[in-house]
Structure formats: C-alpha cells, structure tokens
Amino acid sequence: MYKIIAGAAVLLALAFTARQPLPKGSLERGKKVYATNCLACHQADGSGVPNLNPTLAKTPQVTGDRQKLINIILKGLDEEIEINGESFSNPMPSQAHLSDQEIADVLTYVRNSFGNKGTAVSAAMVTTERKKM
Amino acid sequence: MKKIILISAFLAGGAGLTAKAGDTTNVYHSPANIKVPKGFEATIIADELGRARHIAAAPNGVLFIKLERLKNGRGILRLQDADNNGSYEKVTSFGNYGGTGIAVKNGYLYASSDDAVYRYRLNENMEVADTGKPEAIVTGLLNKRQHSAKAIALDNNNHLYVNIGAPSNACQVADRTKGSPGQDPCPILDSAGGIWQFSADQPAQSYKEGKRYATGLRNVVGLDWNSNVNELFVVQHGRDQLATLYPELYNDKQSAELPAEELFMVKDGANCGWPYCYYDGQQQKKVLAPEFGGDGKKEARCADMVQPLVAFPAHLAPNALLFYTGDKFPARYRNGAFIAFHGSWNRAPLPQEGYYVVFVPFEKGQPAGKWEVFADGFSGLTEVKSPNDAKHRPCGLAQAPDGSLLVTDDVKGTVYKISYKG
C-alpha cells in the first residue's frame with residue numbers, strides 16, 4: 001500500500017513538473033555566459049559567498065518571477081535583500097552589456113542548475129524588458 | 001537551546017563542561033581539530049556563539065567578542081572563566097548593534113557598529129556596569145553595506161583609529177561593472193577608503209572632529225598598533241575581479257593571483273594607492289589599475305605610493321592583525337605579526353585559498369623573515385572550492401594574559417585557543 005502511494009506521488013510530482021522542454025543548447029550556452037560573467041562572485045556551484053554574494057540555489061529571486069529576474073540582470077541590484085534569512089553586502093552590477101540571447105541563456109541556465117527547476121527565459125522577454133529601461 | 005547544550009556536552013566529553021541556566025551558553029573546553037606547529041596545542045574554548053568577528057582580552061582574562069549580527073538581540077559577548085579551569089562558563093551579552101570592532105583600553109571597552117564606535121566603562125572585574133548606556137565616541141561614519149566593517153585600534157596616546165572601508169571595488173563610475181571607467185580623482189576617498197584617527201575619549205565625534213590618517217586603503221579589517229615601534233600597521237583587502245572586468249588583460253589564473261593582499265606600516269598622511277594602484281606580487285611593484293589606464297605593467301603614479309612590508313597571495317581576506325607581545329611562545333614569535341585570513345572567494349574558478357592564521361617574524365617593526373602558515377585546517381576541507389563549504393573561517397585575534405593566542409570564527413562562532421606547551 002505504502003509503495004503504491006509513494007509511486008503515485010512520484011508520478012504526480014513528475015506530471016506536475018512536466019513543462020515545455022528548454023530551448024536546445026540554452027543550458028550549454030548559458031553555462032559559458034555564467035562562467036565568464038557570474039561565476040567569480042556566485043561560484044561554480046551557485047552557492048555564492050556568505051554575507052557578500054547571494055546564493056542562486058533554491059533562491060526565490062532566481063526561481064520565481066522571470067520579469068523581475070531579467071531586470072536584476074539588466075539594471076543590477078544594490079539594496080538590502082534577504083534570502084532565506086541571510087543578507088548580502090556586495091552590489092550586483094548591471095550586465096546590460098550582454099546580448100538579449102546571452103541573458104536569456106544564462107537565466108535559463110541558473111533557473112535549471114544548482115538544484116533549481118524553472119521555466120526557460122526567452123530572448124524576446126529580455127528585449128521587452130530592455131525596451132522599458 | 002537545550003539541544004545545543006546537549007550537543008556541546010557530547011562534544012566536550014568529560015573536559016570540564018559546566019553549563020548552567022541563565023547567562024551561560026554552550027561553553028566548553030575541548031581539543032581543536034586544527035594544525036599548529038610542533039610544541040603548540042589548540043583547544044576550542046567556546047562554540048556556537050554566532051558570527052564572532054573581533055575579540056579582545058581584558059587584563060584579567062575576561063574575553064569580549066563582537067558579533068556581526070545580533071544573537072538573541074545582543075551584539076557583544078563577555079566570556080569569563082571565573083574558576084580558572086579553562087572553560088569560560090560565564091557568558092553574558094549586551095549591546096543592540098551588530099559590528100566587527102572591539103578593544104579594551106585604559107579601563108574601557110570599545111566596540112563598533114558599521115557606522116559608529118561606542119565605549120563602556122569597565123570596573124576592576126572588567127564588568128560593564130551600565131550595558132544599556134554606551135558612550136558614542138564616533139558616529140555617522142559611511143555605511144553603504146559593502147566593506148562596512150569598522151575595525152578599530154587604539155594607540156598609547158589617547159587616539160582611536162577606525163577603518164572606513166570603501167563601498168566599492170575599484171572606484172568605477174558604476175561599481176564592479178564591465179566597461180565602466182574609474183573616477184579620477186576618486187570621490188570616495190573623502191569619506192572612506194582609509195583609516196581615520198579620533199580622540200579616544202571625546203564623545204560625539206564624526207568626520208569633522210576626526211582626521212584622515214591614511215588613505216588609499218580599499219578595506220582594512222585587520223589593524224593593530226605596534227607598541228614596539230609606536231606605529232599603526234594594517235592589512236588590506238585588495239581589489240577583486242580583474243578577469244571579469246578586463247578579460248582582454250587578465251585570464252582566470254592571473255585574476256586569482258592578483259593583486260597581493262598587502263601589509264603596511266601606515267604613518268600619518270600615508271597613501272597606499274587604492275583605487276589607482278594595486279600590488280603585483282610577482283613583479284614586486286605597484287602597477288596602475290586598468291580602470292585608470294593600466295595594462296598590468298605600467299607603474300605611473302604608483303611608484304610614489306606607500307609600498308607593502310609583506311605581500312600575501314591574492315584575495316585571502318586578512319580579517320585580523322595582531323602583534324604578539326607575550327613571552328610564552330618561543331622567542332622568535334615575540335613582536336611578530338599574526339594575521340587571520342578569512343579565506344578567499346575571488347579566486348574562482350581556481351580553488352580558494354586562505355582560511356588560516358599566518359605568522360610573520362618582525363624585528364623593530366620590519367619583517368625579519370618569510371611569512372608562514374601558523375594554524376591551518378579551519379575550513380575542515382583539504383580544498384575549498386566554494387567559501388560556503390568552509391566549516392570555520394578565522395576572523396579575529398587576541399592575545400590572552402596567559403600568553404596564548406585566541407582565534408575567532410564567524411561561521412559557527414567557535415573560539416580557538418592556541419598555547420605553547422614546549
């Protein structure tokens with residue numbers, strides 16, 4: 001009985017998380033953008049630096065609202081934020097020098113790495129947000 | 001709380017644990033799993049204190065520790081080993097502000113928040129009578145979160161020295177932003193990026209009453225007054241991100257090795273070069289930073305800046321400096337410098353470094369030999385890939401009246417005691 005319930009729960013979880021496949025090559029491309037522009041501060045495993053640079057793993061700002069996340073990349077972030085009870089003192093610089101496609105790829109990568117599971121970010125979404133700047 | 005006491009009781013084994021209700025927390029005395037030179041012994045004398053930053057030892061052996069964040073609403077801990085059995089069983093706390101700096105001098109306890117320095121009168125037992133009413137000695141210092149720790153030191157002539165770290169990496173127009181130029185002159189230097197000197201006993205001072213004693217220092221968390229030569233010595237956290245910001249000039253390996261963390265003797269009026277210059281440990285000279293037209297080789301104005309007495313590997317984050325004045329360690333340690341390196345993050349993707357305490361022999365205020373790792377293994381790892389993995393990170397140093405060296409850790413709030421047994 002227990003086994004059946006557990007099996008059903010797994011199936012249900014799978015069905016729940018099933019979503020559009022990520023755009024082809026976006027993770028690989030995103031990983032490269034991450035290595036060049038993000039890794040120094042957020043670290044290879046996305047764990048960040050305690051008190052300085054936020055972790056990207058299971059972080060609501062990363063896995064949640066895509067529009068807000070795109071704006072953090074475009075504009076940077078220099079204000080007091082709290083993530084899972086921790087605060088961070090280094091400012092996040094704007095990454096507006098990246099192309100819309102690069103931003104889409106790197107966000108798709110971080111939303112699907114370090115234990116995260118999230119929907120993809122498209123270049124069109126980044127274009128829309130950049131126009132509002 | 002009960003759980004913590006139980007755990008520490010388990011860890012402490014039979015090593016003299018005396019936990020009681022009320023003030024006392026999980027204080028104990030047990031061997032420490034860190035590596036120290038032959039003849040030395042390391043023990044843990046307190047644990048789970050919170051984010052323990054700097055530590056000060058009073059003449060009677062009472063310890064004061066500054067917490068970066070409040071724990072149970074308090075930011076300063078007082079630890080006492082009343083029965084002198086090696087276990088600091090009596091712990092009290094006070095102060096409603098987080099911060100880094102702490103010092104005991106001339107019957108007062110000094111402690112800093114990220115924008116002010118306070119002091120408390122101590123009685124002969126090194127107790128603070130009125131913990132709720134500190135005297136604000138300095139207020140209104142710049143605090144923009146980045147590099148906001150106000151580390152402090154006092155000389156023997158009634159002066160208080162306060163680090164005011166620059167809220168910036170390299171004084172670009174847009175901080176840490178690729179393509180953003182350096183501001184020349186850097187306006188940050190008017191109110192930060194240096195050491196300010198104040199009177200140690202005048203209340204309500206700020207920039208107007210103080211004096212910029214040394215400039216061109218990006219962020220100094222470790223500083224100490226060297227009474228042997230009567231000068232101020234500081235260790236600087238060097239700049240970050242050369243490869244991220246200038247990939248055309250620096251590769252990842254160069255960025256991990258540049259710039260050196262520097263130890264300076266700073267005299268009144270010293271300019272140590274930030275943000276215009278950084279020290280290249282391989283070329284053994286200060287070079288112009290790329291934000292100001294540098295190419296990794298050009299010296300330009302940097303030849304005129306104060307040069308470091310010791311250059312350490314890059315990004316190790318020196319968080320405490322202490323000149324050892326005791327006579328309980330072998331003679332070569334006398335008047336030498338201990339430096340607590342918090343450990344790097346900006347060496348990624350290369351492995352991180354630091355997370356240890358270093359010793360530099362000194363004679364008459366000058367280094368008298370190469371630096372060496374004195375205490376290692378705080379991280380609990382053979383190689384630290386991400387700083388978040390480190391179990392402990394050295395942050396504060398103090399010399400106890402019994403001649404031992406105390407080291408604080410701001411990850412778990414562990415306090416280590418290193419003694420010489422011969």
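Predicted model: local features only at pLDDT ≥ 70, side-chain atom pairs only at ≥ 80, totals over all residues.
Colleague: What pattern does chain A follow along the sequence?
Modeller: Chain A reads α-α-α-α-α-β-β-α-α. There are 7 helices and 2 strands in chain A. Helices (H or I, at least four residues) and strands (E, at least two) are DSSP runs, numbered from the N terminus.

Colleague: How many of the residues in chain A are buried, as a percentage?
Modeller: Buried residues make up 44% of the 133 in chain A. Buried means under 20% relative accessible area, exposed over 50%, partly exposed in between (1.4 Å probe, protein chains only).

Colleague: At what angle do α2 and α6 of chain A pack?
Modeller: About 100°, with the axes 7 Å apart. Axes are lines fitted to C-alpha atoms, for helices over the stretch in contact, and angles run from 0 to 180 degrees between N-to-C directions. So α2(A) is roughly perpendicular to α6(A). The cut-offs: under 35 degrees is roughly parallel, over 145 roughly antiparallel, 65 to 115 roughly perpendicular and the rest oblique.

Colleague: Which residues of α2(A) and α6(A) meet?
Modeller: From α2(A), they include A:Leu27, A:Val33 and A:Tyr34. From α6(A), they include A:Val106, A:Tyr109 and A:Val110. The residues of this contact divide into 6 nonpolar, 4 polar and 4 charged. Ala, Val, Leu, Ile, Met, Phe, Trp, Tyr, Cys and Pro count as nonpolar, Asp, Glu, Lys and Arg as charged, and the others, Gly among them, as polar.

Colleague: And A:Gly48, where does that lie?
Modeller: In the loop between α3 (39–42) and α4 (60–63) of chain A. A:Gly48 is buried, with a relative accessible area of 0%.

Colleague: What is A:Gly48 in contact with?
Modeller: Leaving aside neighbours within four places in sequence, its contacts (heavy atoms within 4.5 Å) include A:Cys41, A:Pro54, B:Pro387 and B:Asn388.

Colleague: Over to chain B. Which residues touch the most other members of the largest nonpolar core?
Modeller: B:Tyr110 and B:Leu160, in a core of 37 residues. A nonpolar core is a set of buried Ala, Val, Leu, Ile, Met, Phe, Trp, Tyr and Cys residues joined through side-chain atoms within 4.5 Å. Among the elements giving two or more residues to this core are β8 (108–112), β12 (159–164) and α2 (242–245) of chain B. A second, separate core of 23 residues includes B:Leu322, B:Val357, B:Phe374 and B:Tyr416.

Colleague: What does B:Tyr110 touch?
Modeller: Not counting residues up to four places away in sequence, its partners include B:Ile102, B:Val117, B:Ile137 and B:Leu154.

Colleague: Which peptide bond into B:Pro185 is cis?
Modeller: The one from B:Asp184, with omega near 5°. B:Pro185 sits in the loop between β12 and β13 of chain B. Another cis bond joins B:Leu258 and B:Pro259, at an omega of about -10°.

Colleague: What is phi at B:Arg176?
Modeller: About 60°, positive although B:Arg176 is not a glycine. B:Arg176 lies in the loop between β12 and β13 of chain B.

Colleague: Buried or exposed, that B:Arg176?
Modeller: B:Arg176 is buried, at a relative accessible area of 3%.

Note on methods: Residues numbered from 1 in each chain as written. Chains lettered and ligands numbered in written order. Heavy atoms only, no water.
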